[in-house]
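Q: Please take a close look at the aromatic side chains of this structure and how they pair.

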Amino acid sequence: MAPTTLAAGRPGVDARPAGLLQRFQNSRNALGWAFMLPAAVLLLLFLTYPLGLGTWLGFTDAKIGRAGEWIGLENFEFLVGDSVTRLALFNTLFYTVVASIAKFVLGLWLALLLNRRLPFQSFFRAVVLLPWIVPTALSAIAFWWIFDAQFSILSWALVKLGLIDQYIDFLGDPWNARFSTIVANVWRGIPFVAISLLAGLQTISPSYYEASAIDGATPWQQFRHITLPLLSPIIAVVMTFSVLFTFTDFQLIYVLTRGGPLNATHLMATLAFQRAIPGGALAEGAAIATMMVPFLLAAIMFSYFGLQRRAWQQGGDR
């Protein structure tokens, strides 16, 4: 007797090739592209187009009310020689470096503290998130009152303690204003760093610490040779986002000082806005914003190379 196939002998079983929809559902690549398409469209509309338009405006002489014509690198040549722009670049780099280092050190310390078994642990973890949850404008107004030249509660407390004789002009002196804005930024940014690093600490197996303790490792040696290496990929990502958020900070500075006094707290973002919108020089403001791109790309490359260190954790050769 000739053999027969089971599919042909069973009623209702279709032995025809799978349809287009079924092949699409079984394809990981096709499904991946389908899920990424909505996000790609949103990024194209709300990120790529404004970035391209802003870059184009930077090479024109556009002002509010007229389109402008192509002038090449004239805006950038002017900005390189502009003292206010150079000061804003210095302020931005100083603000970003000092604030990012402070947020990393304090955030890592807070993450290590919250990673321990403490009473009311969940409560303290929730409280740490408050500075990040509060709207930026609202926290900036609060710091504006704290740093007020006449009604500062901080100056009042220092006077009552006998540490100073007169109120400190936090926002009226250039260097005082720089450090005051950094303090406000650090206060807002610590929760993001701390909670992100805490999540990374939760993934480290306690067996590493137990084995090292048996070998006689001190807490500092455990931190240096276990915690930091295993936490380095998370640190790379977290610090990249922290640098990006700090470098492009606008709301906190604009509400707190509006770039004053004497342009001492003007960042590239606030100066670009001031030149483009209140000043009407759209092209000049766009050129200042375009000058920020190389620094942002450098931060992204730092994250990329930092992530390469994950290879050894996944069995790679690097």
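Are Phe 147 and Phe 170 buried or exposed? Please go on from there to the ring pairs and to the charged groups over rings.

A: In this predicted model, Phe 147 is buried, and Phe 170 is buried as well. The structure has 22 aromatic pairs in total. One of them is formed by Phe 94 and Trp 175, with an edge-to-face arrangement: the ring centres are 5.5 Å apart and the planes make an angle of 85 degrees. An angle over 60 degrees is what counts as edge-to-face. Phe 94 belongs to helix 5 (residues 83–114) and Trp 175 to helix 10 (residues 174–202), so this pair ties together parts that lie 81 residues apart in sequence. Trp 175 counts as partly exposed because its relative accessibility is 39%.

The two buried phenylalanines, Phe 147 and Phe 170, also form an aromatic pair, here a tilted one, with 5.1 Å from centre to centre and 45 degrees between the planes. Phe 147 sits in the loop between helix 8 (136–146) and helix 9 (153–160), while Phe 170 sits in the loop between helix 9 and helix 10; the pair therefore ties together parts 23 residues apart in sequence.

Elsewhere, ring pairs join Trp 56, Phe 59, Trp 70 and Phe 76 in a cluster.

Charged groups over rings come next. Trp 175, the partner of Phe 94, has Arg 178 over its face, 4.5 Å from the ring centre. Tyr 254 has the charged end of Arg 258 over its ring, at 4.7 Å from the centre.

How values were computed:
Residues are numbered from 1 along each chain as its sequence is written. This is a predicted model: local features need pLDDT of at least 70, side-chain atom pairs count only at pLDDT 80 or more; totals for chains, interfaces and linings use all residues. Side-chain values use heavy atoms; hydrogens and water are left out. Rings of Phe, Tyr and Trp (its six-membered ring) pair if their centres lie within 6.5 Å; planes under 30 degrees apart count as stacked, over 60 as edge-to-face and the rest as tilted. Helices (H or I, at least four residues) and strands (E, at least two) are DSSP runs, numbered from the N terminus. Buried means under 20% relative accessible area, exposed over 50%, partly exposed in between (1.4 Å probe, protein chains only). A charge sits over a ring if NZ of Lys or CZ of Arg is within 6 Å of the ring centre and within 35 degrees of the ring normal.
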